[in-house]
Amino acid sequence: MFEQMLGLDGSLVFLEHVFWVVSLNTLFILVFAFCPYHVGHYSVVAMGLKEHVEASHFEGLITTIVGYILLAVVLVLCHALASLIKFRRSKRLLGLGYVVVKVSLLVVVEIGVFPLICGWWLDICSLEMFDATLKDRKASFQSAPGTTMFLHWLVGMVYVFYFAAFILLLREVLRPGLLWFLRNLNDPD
């Protein structure tokens, strides 16, 4: 029974599946983590910003984001060059690569940076309510930067989620067209 649950029934199909999972995971990590990190690392060292990045407590994250930004800029420049030279296939392939990098940067901003900013802003606005000061927050950040950032990100994500739920509730209650300035994701048009 245990062999059937794991797929160890004596056939080589299980090993083929294991091979593909390991290969695709390795390729994914290589393309989306290893390459942008090293591009960012070499560019940070070349620009002389290594000390500033190391002082931020988030060296790996900042280096990877810098790598993604530089890859996006290079892809845009190569795409523009390919369109000038009239290389259609290269233009399409470079455009697709740029779209992948752009979407990954947008995901980082919308799921990472924006909730983090909202969490910090909520914390700063509610300092008096918790009888705290900015020095207390600075001390907690210096003692545990990862935990502090995670908690602020979590509070920001909860805030963004409840704000989106509130907007959806308003759309159900208010007459159509009243919230014209907010984009409706459920609108087919």
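**A tour from the cysteines to a helix crossing**

The model on display is predicted. C125 is exposed, with a relative accessible area of 53%.

C78 counts as partly exposed, at 32% relative accessibility. How many disulfides does the structure hold? The count is zero.

Move on to D123 and display R137 beside it. Side chains of opposite charge can pair when their charged atoms come close. D123 and R137 form a salt bridge, and their closest N and O atoms are 2.8 Å apart. The count for the structure is one salt bridge. D123 belongs to helix 5 and R137 to helix 6 (residues 134–143), so the pair ties together parts 14 residues apart in sequence. Is D123 buried or exposed? At 10% relative accessibility, D123 counts as buried, whereas R137 is partly exposed, at 21%.

Finally, select helix 5 (residues 88–125) and helix 7 (residues 145–173), which pack at an angle of about 95° with their axes 7 Å apart. The two helices are therefore roughly perpendicular to each other. To view the contact, highlight residues of helix 5 including F114, L116, W120 and D123, and residues of helix 7 including M149, W153, M157 and Y159. By class, the contact has 13 nonpolar, five polar and one charged residues.

Conventions. Residues numbered from 1 in each chain as written. Predicted model: local features only at pLDDT ≥ 70, side-chain atom pairs only at ≥ 80, totals over all residues. Heavy atoms only, no water. Axes fitted to C-alpha atoms, helices over the stretch in contact; angles between N-to-C directions. Helix = DSSP H or I, 4+ residues; strand = E, 2+ residues; numbered from the N terminus. Parallel < 35°, antiparallel > 145°, perpendicular 65-115°, else oblique. Contact = heavy atoms within 4.5 Å. Nonpolar A, V, L, I, M, F, W, Y, C, P; charged D, E, K, R; others polar. Salt bridge = Lys/Arg side-chain N within 4 Å of Asp/Glu carboxyl O. Buried < 20%, exposed > 50% of the residue type's maximum accessible area, 1.4 Å probe, protein only. Disulfide = S-S within 2.5 Å.
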